[in-house]
Amino acid sequence: MNRTQVSLLLLVSIEMLVGGWAVSRHLYRPRPPIPDLTEYNPYTSQQITDLAEQVDPDTATDWADLADVYLAHGLFPESESCFRRAVELKPRDAELLYRWGFCLSSMGQLEEARQRLRDALTAGYDPPADCWYLIGRTELRSEHVEEALAAFEQASKLAAARFELAKVDVRAGRAEAGISILTQLATELPNAFRPHLLRAQAEAMLGNDSVAANYLDLAEVCSAQLPTPTHEFRKRILATLDSHSVTELVNRSIELLDSRQVDQADALLQTAVGSYWDADVEDVRASVELHRGNLREHRQQLEAIAEQDGMDSYRMWRIGLALSAADQPADAAQAHLAAVTLNTDARANDSLEQLAIVYQKLGDHQHANHYAARFRFSVAMQLFRQAKLIEARSVLRQSVGTDDKYPHTWFYLGEIERYLGNTETASGAYSRCLELAPDYGRAVAARERIEK
Amino acid sequence: MSRELDSSSQTKPSLTTLTLVFAAVMVPLAIVLAWPRLPAIGRPPKTTDLASRFPQSPLRFDKQTIGRLPSHPQRITNVQVVDFDEDGRLDVLACDCIRNTVWWYRQTETNQWEERALSAETEFADPAHATVVDLDADGDPDVLVSVLGSVWPTDSRIGRVVLLENSGDFQFESRVLLDDLRRVADVQAGDLDGDGDLDLVVAEFGYDHGRIFWMENRGGSFRDHEILVAPGTVHVPIADYDNDGDLDIAAIVTQEEEEVWIFENSGNGVFAPHRVHFTTNFDLGGSGLVATDLDRDGDQDLLLTAGDNLELVYHYPQPYHGCIWLENLGGLRFEAKRIATFGGTYAAQPTDLDGDGDTDVLLSSMFNDWRQPGTASLVWLENDGKQNFTTWQIDDSPSHLCTVACGDLNQDGLPDIVAGSLHTHEPFGRLGRVTVWFSRKGTSQ
């Protein structure tokens, strides 16, 4: 072997040694954790496993996306470890640091969460106020009030941070300082209920009971949440959950049903879920039977769901509709009555409308009018909660025009008139309510308030 | 010719040299080409395990399911141990949010369990709590039901206060005492205005909005009077907290704030509010409040459980979950002392479990990390007699124990434990419904 060959041999040996070492290191880089999901819905479980297997172990965003999915499914330890790996790969990524901090705070790892959020700020997280707000919230969870205040001051661009500052003021007995912040918040976000509730507390502390009561009234007809970075994050996570769970399958099946591809929807459900029982999937299967015109099977399917997962207004309402479609109005009325009695969700209101229709069909005009009035009441209540007082009053008046024996209708008519400043009309409505239900406490209190 | 050949053989590299050159080029090339395709076969990054586990209890128990065996996730929100039919044997009442009823598990003379629904399935939805009380003072027990309307968060007015009125032969008629309420989590009875009849106090939990109010008994009908406007009241135990001879109301408010209130009875239906415990930790997850004289010093203390967090969609045990003893110091002052840290703690039941003459505490967990093996669902806190507590694990299954109660069911002189499972979130591997742990004599030590 000549000198050249020796040199080459040496080179190849070095290449192989260094290459082997590098390949071995590369091969043994961390792979994504795959949690044991045997006790989960198999469709969801498969979706998660597939995603984990597709992760490019060298790409930070892949790790972070997997972390989001784990976070959405409550697999917090796995999520945290994925965020940690993502940050190892891209240590200066402010967005990744922020998300990791959020995950840590969800796990109650508050000190570490704050550290990651501060790292995100150092890395230039934009907008920084979001980071400071989350830091402030974790400080509150650790009962570090001064540190929380400092963080919320940094985040004071956000209405939610200023609300927290006001809350600390009110808690500390500085009602006036709190009120000053809350007044500004009410101008910015008049439909947010939390500032009104806190304002009521502050006014009560100052002995302004009637003003406090007015703010409680206002809170009652406001439904908006204060916008916070946490809500935004939550929205994103919920969207992730929907796209990586049975919900995605259910939504796809419903789309197929809506476009009349009934067999395809059925096949999709069958292949994806198999024999695993899931109430939402079974509900779509009931719809498949409905689309095929199999009313009896449709109803049986709904009853089977209720047997396993419980009866509620939605399921009763669907059974009522199926019975109406099968031309069994008396049975349909019973089902809708049960939906109304259970009153678990807004479908109870739809059943009120159906009852009016069914009783009209049965020639029972008295009951038909009663339920038509109740349905109008429910519509009015939705308007009331959206602060659409004039519209709500109009519908309530229609309701009492059809049936004037329902005390709640008179009470809310009184409430709306009082809100509108028509105290005399309000008092009259409360009195009618109390004629029907003499112990209606809220009506007694409201009438006394007017008289005062 | 031969010279030419000779000269070419001198300039031409040998096969060995060529092979080595080839190798020197190919080795790095092969590595570069294969590099992106190399799979990751290393260990996944380490995961943190924050689930709660404890040493096995020295007391021994025999576990048994009463009623139907669970084949799918169940939703039991409340269990109570009570001699309902006053036959000398303790029975079990259970609120069932799947079947929308209150079950009476009656213990027969042969210690068998007879199951009976106290109401039809469509009379109300999602009962949160049942309180046995002779509300109409006719000498038989009635049942007050706190109707949530939905175990899921909503601000809709779907709650109710319902009385299951005993007609005298344990046939029950359902009567709505108040509706148009947001979700109702608890109703308790007591003579609050000192007129000799039973009034009620109601925890209208709601979601974004809620209230605490009392219902004045006016000869069978009830008039509601507002006490506090705040969402998230879980329990409203009634007791004489200031030792002045009348009944006061305690309340745990959890939704926007985490606080405990005492509403001091000033007479004539007037209640003065005192906030006796408060934390800035809005995420504490207050889940229950139980009145008990834990230190047996003659006044009513409170046990606060914390473990109800909705972290995004799913829950995770937090380091501050557990049980806090609010020691009554007199004058409506209470001192908070943590007596257990236990992820997802949902219910507490004081009892002398080891029979040593002091009060121990049973705790159940609804939201431990159920994916991890061996995570505790039921524990007891052994009192050393000086209110120092040691946590012992009784069981890890079933999971999602939302409610716990205690009583000597089999009349052997030892307290037995009943718990109910509220399986709202996956995983559903450790299913349960109404489970009893019968105390065994002796210990494992």
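How much area do chain B and chain A bury between them? In this predicted model, the two chains bury about 7,200 Å² between them, and 55% of that area lies on carbon and sulfur atoms. The size of an interface is often given as the accessible area lost when the parts come together. In terms of residues, 75 from chain B are in contact with 86 from chain A.

Between chain B and chain A, 11 salt bridges are counted. One salt bridge joins the side chains of A:Glu307 and B:Arg99, with a distance of 3.9 Å from N to O. Across the interface of chain B and chain A, 44 residue pairs are found in polar contact, both residues being at pLDDT 80 or more. On the side of chain B that touches chain A, at least two residues each are supplied by helix 2 (15–34), strand 9 (172–181), strand 12 (211–218), strand 13 (221–229) and strand 17 (270–279) of chain B. Helix 2 of chain B gives the largest share of this side, nine residues. Sorted by class, the side of chain B that touches chain A holds 32 nonpolar, 19 polar and 24 charged residues.

Aromatic rings come next. Over all chains, the count is 23 aromatic pairs.

Because B:Trp214 belongs to strand 12 of chain B and B:Phe271 to strand 17 of chain B, the pair ties together parts that are 57 residues apart in sequence. B:Trp214 is buried at a relative accessible area of 4%, and B:Phe271 is buried at 12%. In chain A, one aromatic cluster is formed by A:Phe377, A:Phe384, A:Tyr406, A:Phe411, A:Tyr412, A:Tyr419, A:Tyr430 and A:Tyr440.

Side chains of opposite charge can pair when their charged atoms come close. The count over all chains is 63 salt bridges. B:Asp62 and B:Arg440 form a salt bridge whose closest N and O atoms are 2.9 Å apart. With B:Asp62 in strand 1 (residues 59–66) and B:Arg440 in strand 28 (residues 434–443) of chain B, the pair ties together parts that are 378 residues apart in sequence. B:Asp62 is partly exposed at 36% relative accessibility, and B:Arg440 is partly exposed at 36%. The salt bridge between B:Glu204 and B:Arg211 has an N to O distance of 2.8 Å; here B:Glu204 is buried, at 1%, and B:Arg211 is buried, at 9%. Shared partners also join B:Asp85, B:Asp87, B:Arg89, B:Arg106 and B:Glu114 into one network of salt bridges. B:Arg89 is buried, with a relative accessible area of 15%, whereas B:Asp87 is partly exposed, at 26%.

B:Arg89 and B:Asp87 are also among the residues touched by B:Gln107, as are B:Leu90, B:Asp91, B:Gln112, B:Trp113, B:Leu409 and B:Asn410, when residues up to four places away in sequence are not counted. B:Gln107 lies in strand 4 (residues 101–107) of chain B and is buried, at 1% relative accessibility. The side chain of B:Gln107 makes a polar contact of 2.8 Å with the side chain of B:Asn111. A polar atom of the B:Gln107 side chain also lies 3.0 Å from the backbone oxygen of B:Leu409.

A:Val273 is part of helix 15 (residues 262–273) of chain A and is buried, with a relative accessible area of 6%. Leaving out residues up to four places away in sequence, A:Val273 touches A:Pro42, A:Tyr43, A:Leu249 and A:Val281.

Terms used: Residues are numbered from 1 along each chain as its sequence is written. Chains are lettered from A and ligands numbered from 1 in the order in which they are written. This is a predicted model: local features need pLDDT of at least 70, side-chain atom pairs count only at pLDDT 80 or more; totals for chains, interfaces and linings use all residues. Side-chain values use heavy atoms; hydrogens and water are left out. Contact means heavy atoms within 4.5 Å. Buried area is the accessible area (1.4 Å probe) that two parts lose on being put together, summed over both. A salt bridge is a side-chain nitrogen of Lys or Arg within 4 Å of a carboxyl oxygen of Asp or Glu. A polar contact is a pair of N or O atoms within 3.5 Å; within protein, one must be able to donate a hydrogen and the other to accept it, and residues adjacent in sequence count only if both atoms are side-chain atoms. Helices (H or I, at least four residues) and strands (E, at least two) are DSSP runs, numbered from the N terminus. Ala, Val, Leu, Ile, Met, Phe, Trp, Tyr, Cys and Pro count as nonpolar, Asp, Glu, Lys and Arg as charged, and the others, Gly among them, as polar. Buried means under 20% relative accessible area, exposed over 50%, partly exposed in between (1.4 Å probe, protein chains only). Rings of Phe, Tyr and Trp (its six-membered ring) pair if their centres lie within 6.5 Å; planes under 30 degrees apart count as stacked, over 60 as edge-to-face and the rest as tilted.
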